[in-house]
Amino acid sequence: MNCEDFMTTINVNRLSSGLKLQENVELKQHLEACPKCQTEYDEMLQTVAVLESLRNPDPPPDLALKIQKQIAKEHRRSRLAFFASPLARLLAALKFNPHPALVNCTAMVFYLVLTVFLVKLTFFSEPDNSVHVLSPTKTVWRSAHVVTTSWATIRGIPVPMEESEQVTAEEMLIQER
Amino acid sequence: MLSSFFVVNLMIPDDVYVHKTVEGDGSAFNELVQRHHAKIYGLACRMLGNPDDASDATQETFLEAFKSLPSFQFQSKFSTWLYRVAINTCQQHIRKSDSRGRTLMSYSNCLREQNRQYDSDFPERMVLKTERDGLIQAAIDQLPPKQRAVVVLFYAQNLKYREIALVLDCSEGTVASRLNTAIRNLKSMLKDL
Ligand SMILES: [Zn+2]
């Protein structure tokens with residue numbers, strides 16, 4: 001056995017598992033005959049002994065709690081629907097943390113109401129008859145009514161106006177003059 | 001009563017808590033944090049050589065584990081999988097960290113703080129132990145990350161070759177040869193201890 005054989009045979013596994021060289025006659029013989037390998041072997045044994053004395057530092061006492069809080073936050077976040085996060089942020093800013101499902105529902109209802117409102121405003125805002133109820137001298141209301149249909153006008157939708165209404169409008173103008 | 005609860009609790013395998021967490025029970029993960037945070041912190045401390053980075057890395061490890069838990073296939077033990085997440089997190093830290101300069105210093109401080117509690121009656125022993133541990137850590141810090149991981153998992157975490165191979169996704173032969181190389185590298189640095 002030469003030095004190279006010796007070095008490949010004494011691996012860390014052998015050193016660490018307490019299997020020293022005693023049981024291998026060939027290795028033992030080489031070791032006794034070769035001072036270079038003897039030194040190498042001793043140093044490796046020493047290094048292994050130092051490493052085996054390694055102990056793990058203890059974690060800071062509050063680390064587990066910190067992690068658990070962070071996980072709880074992440075868990076909450078993951079259960080919020082994507083559309084509910086602005087509402088959740090708003091509630092969190094107000095120091096109010098309801099159940100994620102509740103936040104989701106509230107956000108959904110909010111968006112639903114908003115959608116209905118917008119749809120109504122865009123497509124179903126017909127000129128109403130409320131103006132007739134008002135006193136004909138209050139032309140301010142009349143002009144306010146025109147403003148509410150401006151969106152439809154911009155979009156090029158002809159705003160239907162009944163003949164009788166046109167007449168009343170002309171009459172009102174005459175009255176004003 | 002309380003002790004019997006603890007015994008029962010400890011007998012429940014990790015996988016049960018993993019299943020519960022995946023099914024949406026966020027508090028089940030708390031038990032996994034309680035069981036494993038100390039050794040993950042120990043691993044991170046030895047891998048990064050710095051207690052502050054180790055705390056951060058431990059938190060990131062658990063957060064990442066929580067997020068990717070649905071992808072855990074139960075092909076290995078949960079702890080093995082968690083070690084893998086931790087090693088990856090530590091290696092990311094090593095890559096982007098330029099904190100090697102403050103490593104030894106802050107690590108020694110951390111140990112000094114800890115040992116003060118144990119060895120306050122023997123100040124000399126305390127200094128010796130701290131310096132010794134600091135020197136070992138400084139030597140480990142010099143190793144390339146792959147060798148460092150093997151040394152830390154084998155000596156500080158007491159994992160078997162087979163488990164290390166699973167954590168690092170390599171063969172047992174690779175583990176053995178990396179460990180041999182690491183020991184030869186450490187030999188000259190630790191000669192005087
Ligand atoms: Zn020789």
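1. A salt bridge here is a side-chain nitrogen of Lys or Arg within 4 Å of a carboxyl oxygen of Asp or Glu. By that rule, the side chains of Lys187(B) and Glu40(A) form one, with 3.1 Å from N to O, and Lys187(B) also meets Glu43(A) in a salt bridge at 3.2 Å, N to O. The latter pair crosses between chains, running from helix H10 (residues 172-189) of chain B to helix H4 of chain A, where helices are DSSP runs (H or I, at least four residues) numbered from the N terminus.

2. This is a predicted model, in which local features need pLDDT of at least 70 and side-chain atom pairs count only at pLDDT 80 or more, while totals for chains, interfaces and linings use all residues. Residues are numbered from 1 along each chain as its sequence is written, chains are lettered from A and ligands numbered from 1 in the order in which they are written, and side-chain values use heavy atoms, with hydrogens and water left out.

3. The search over all chains gives eight salt bridges, and three are found across the interface of chain A and chain B.

4. The contact (heavy atoms within 4.5 Å) draws 32 residues from chain A and 44 residues from chain B. On the side of chain A that touches chain B, helix H2 (12-16), helix H4 (35-52) and helix H5 (63-79) each give two or more residues.

5. The zinc ion is coordinated by Cys3(A) through SG, His30(A) through NE2, and Cys34(A) and Cys37(A) through SG, at 2.1 to 2.4 Å, donors being N, O and S atoms within 2.8 Å of the metal (3.2 Å for Na, K and Ca). Along the chain, these donors follow the spacing C-x26-H-x3-C-x2-C.
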